[in-house]
Amino acid sequence: MNILTTLTPPVARKEPTPTTLHGFTLEDDYRWMREKSSPEVIAYLEAENAYTSAAMKPTEELQAKLYAEMLSHIKETDESVPYPQRGWFYYVRTVEGSQYPIHCRRKAAGEKYDESQPEEILLDVNELAVGQPFMSLGAITISPDNLKLAYSTDNTGFRQYTLHVRDLTTGKDLPDTAERVGSIVWAADSQTLLYTTEDEVTKRHDHLWRHRLGDAAAQDVKVYEETDERFNLGVGKTRDGRYLLMEAGSHTTSETRFLAADAPEGEFQMIAPRVDEQEYSVEHRDGVFYIRTNDVGKNFRVVTAAVETPGREAWKEFVALDAEAPLEDFDVFASFCVSTRRRLGLPTLTVAEFAEDGSLRHSREIEFPEPVYTAGAHANREFETHVYRYSYTSLVSPASVYEYDVRSGGSELLKQQEVPGGFDSALYASERVWVEATDGVKIPASLVYRRDMFSRDGSNPLYVYGYGSYGYPLPIGFSSSRLSLLDRGVVLAYAHIRGGGEMGDAWHDAGKMMVKRNTFTDFISVAEELVAKKYGARDRIAIEGGSAGGLLMGAVVNERPDLFRVVLSHVPFVDVMNTMLDASLPLTVAEYEEWGNPNEPEAFAYMRSYSPYDNLKAGEYPAMLVKTSLNDSQVMYWEPAKYVAKLRTLKKNDTPLLLHINMDAGHGGASGRYDYLKEIAFDYAFLLRELGVES
């Protein structure tokens with residue numbers, strides 16, 4: 001018997017609160033759920049949790065089995081690859097049974113890491129988490145004299161961080177503190193900190209402060225205030241340690257100011273004033289700024305300018321724009337540089353040495369062995385070095401860290417993630433396929449499956465994941481948790497749809513603002529084509545997305561509810577209109593550059609045409625598990641809560657519609673690694689049950 005037929009879901013009270021704009025009225029019966037402090041709201045959320053728990057009770061044995069499997073594939077006591085920084089090697093380790101990492105270091109004995117050196121524990125996050133239902137570490141940075149540690153913590157999940165400073169000679173925290181901090185950087189004197197803070201309502205980082213150790217927070221000096229609501233402030237330092245950098249950035253525009261790190265009480269100087277739709281980032285070497293910018297094209301180039309004359313009028317081209325390969329990053333070291341590009345959606349790393357006159361020579365591209373992978377820089381903190389560290393992973397290869405020797409051109413494997421529990425990468429295969437979108441554009445999709453459980457006859461259950469927003473390239477990496485799906489015959493696919501960054505800024509632009517619908521139609525096209533190519537069964541498609549990917553889930557389900565059997569939607573941005581019309585909410589104004597400003601009639605009409613909450617209608621829907629967190633600061637808990645409440649009044653079939661709220665977490669879910677695994681086991685149990693996969 002279907003247990004859902006014996007359970008009664010919560011029924012949310014309706015309180016019509018219409019909003020009329022541009023001659024159209026948005027109906028909203030559940031605005032009252034925004035009152036987080038209301039006992040009625042908390043009671044409703046707890047009732048939803050109770051209903052979900054009851055509906056999932058028959059899967060408890062499967063959840064436990066999945067959790068045990070996932071745990072068996074994790075080396076619980078482990079250590080990261082130590083990286084060098086100013087005479088020390090830093091690393092993070094985990095201990096079996098402990099939820100959180102421990103940050104450590106050992107004194108360097110030459111260029112190589114020496115385990116015989118005594119370990120110094122800098123920060124045990126498990127100790128910070130005692131008595132806390134949630135604990136997240138934000139910024140963490142060592143002072144130039146290596147004697148102090150500045151770090152920030154969030155104990156609610158609302159991404160509201162508190163600054164702490166630890167004296168590493170005693171292991172004790174100093175009285176110095178500040179609230180609502182973002183980025184943190186040390187000046188060269190190791191006595192001065194600069195940090196950003198956020199606005200209490202919108203959570204926009206809009207102030208930069210200077211703090212002298214020993215001073216009360218009330219004595220901190222306001223260095224800068226950013227008044228443009230589209231922009232957030234950040235502060236950092238060039239790799240050579242010479243300059244502090246203050247960046248103001250929106251989704252499409254940026255500007256940077258600089259200040260000598262040994263003169264922190266001086267005034268930041270402008271590199272180039274902001275110009276709409278132009279972005280740039282800055283590094284420094286030998287009196288020259290190296291500036292990665294999109295001033296002449298979306299794929300970025302690198303220009304140089306002397307520190308004395310850094311403005312645009314003095315920029316000289318150093319690395320030309322490549323129309324076929326967007327330049328994602330440009331890392332500068334004393335004797336070489338590394339260009340990170342994307343070719344056909346895949347990352348490439350090219351290392352070039354500096355000649356005596358500052359030009360480039362001996363350019364080499366690091367080769368990667370698989371058709372689908374992710375690679376990138378890894379903890380390169382030293383400026384004076386002849387090696388470059390990079391990470392590499394694929395859908396079938398566990399994460400690895402390599403060290404590339406610039407002089408020899410060879411790479412050395414430092415460590416590959418150990419996957420216990422009998423994992424054999426040869427049992428699995430990955431592929432890349434190209435799918436034609438509705439307008440003829442080719443969309444890449446990455447697939448992985450277990451070879452001996454895959455039949456190219458269209459019988460396998462198929463899982464498709466998507467995101468497609470903010471220019472974020474979907475990472476294609478290894479997941480030991482994912483083995484629990486692969487080992488049950490599920491084919492997993494990752495859709496690199498427009499709105500993401502796989503092909504650079506142009507790919508992002510083709511899936512945002514007034515062409516956002518491309519993101520949704522691309523995803524549908526990928527699912528349909530994979531079925532047509534016999535990678536999966538037409539009636540056994542599961543889909544997943546979170547945050548903006550949750551918007552994707554809501555939009556494609558509204559568009560094609562018949563296509564999908566199961567939906568996992570995490571912290572979904574589904575109430576697009578009400579959120580984007582409320583400028584007091586975190587992120588809203590800055591997000592106008594991603595979604596559009598609904599106060600403008602044309603944008604209002606377009607956004608309303610796809611907003612999941614506003615386009616729900618009576619009919620049959622797939623099985624759905626919707627998850628959120630009470631303390632989410634990015635997508636407020638009420639969006640998924642309202643969405644589920646409204647959908648319950650319209651849904652005509654008996655497939656499950658479940659809402660789960662983590663009452664002690666934020667946007668990323670549980671903070672402890674074991675708790676997080678249990679959340680994944682819960683999700684997979686729902687997915688497998690609804691796909692009819694034997695446990």
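Select Arg257 and Glu255: their side chains make a polar contact of 2.9 Å. A polar contact here is a pair of N or O atoms within 3.5 Å; within protein, one must be able to donate a hydrogen and the other to accept it, and residues adjacent in sequence count only if both atoms are side-chain atoms.

Before you click on: this is a predicted model, where local features need pLDDT of at least 70 and side-chain atom pairs count only at pLDDT 80 or more, while totals for chains, interfaces and linings use all residues. Residues are numbered from 1 along each chain as its sequence is written, and side-chain values use heavy atoms, leaving out hydrogens and water.

**Stay with Arg257.** Arg257 sits in strand 17, residues 254-260. Helices (H or I, at least four residues) and strands (E, at least two) are DSSP runs, numbered from the N terminus. Is Arg257 buried or exposed? Arg257 has a relative accessible area of 17%, so it counts as buried. The cut-offs are under 20% for buried, over 50% for exposed, and partly exposed in between, with a 1.4 Å probe and protein chains only. Contact means heavy atoms within 4.5 Å.

**Next, select Arg301.** You'll find this arginine in strand 21, residues 301-306. Arg301 is buried because its relative accessible area is 12%. The Arg301 side chain has a polar contact too, with the side chain of Glu317 at 3.0 Å. Glu317 is also on the list of contacts of Arg301 beyond four places in sequence, which includes Ile291, Val319 and Leu327.

**Now for two loops.** Jump to Ala379, in the loop between strand 27 (374-377) and strand 28 (387-393). Check the backbone: phi of Ala379 is near 45°, a positive value in a residue other than glycine. Ala379 is at 23% relative accessibility, so it counts as partly exposed. Then go to Tyr470, in the loop between strand 33 (462-466) and helix 4 (483-486). Tyr470 is another non-glycine residue with a positive phi, near 60°. With 29% relative accessibility, Tyr470 counts as partly exposed.

**Color the core.** A nonpolar core is a set of buried Ala, Val, Leu, Ile, Met, Phe, Trp, Tyr and Cys residues joined through side-chain atoms within 4.5 Å. In soluble globular proteins, nonpolar side chains tend to be buried together. Which residues touch the most other members of the largest core? Pick out Met33, Val464, Phe523, Ile543, Phe564 and Tyr643, out of 121 residues in that core. Helix 12 (residues 673-691) gives the most to this core, with 11 residues. There's also a second, separate core of 15 residues, with Val338, Leu349, Tyr404 and Val406 among them.

Zoom in on Phe523. Leaving aside neighbours within four places in sequence, its contacts include Val464, Ile543 and Phe564, and also Tyr465, Gly466 and Ala495.

**Follow helix 12 to its partners.** Show helix 2 (residues 60-72) alongside helix 12: they pack at an angle of about 130°, with their axes 8 Å apart. Axes are lines fitted to C-alpha atoms, for helices over the stretch in contact, and angles run from 0 to 180 degrees between N-to-C directions. Helix 2 and helix 12 are therefore oblique to each other. Angles under 35 degrees count as roughly parallel, over 145 as roughly antiparallel, 65 to 115 as roughly perpendicular, and the rest as oblique. Among the residues making the contact are Leu62, Leu66 and Met70 of helix 2 and Leu677, Ala681 and Leu688 of helix 12.

Select Thr52, Ala55 and Met56 in helix 1, which meet Phe682, Ala685, Phe686 and Arg689 in helix 12.

**Last stop: helix 10 and Val515.** In helix 10 (residues 601-610), the buried residues are Ala603, Phe604, Tyr606, Met607 and Tyr610. They pack against several elements, including strand 1 (19-21), helix 6 (517-532) and helix 7 (548-559). Now click Val515, in the loop between helix 5 (505-509) and helix 6. Val515 and Met607 are 92 residues apart along the chain, and their C-alpha atoms are separated by 10.0 Å. Leaving aside neighbours within four places in sequence, Val515 is in contact with Asp509, Ala510 and Tyr606.
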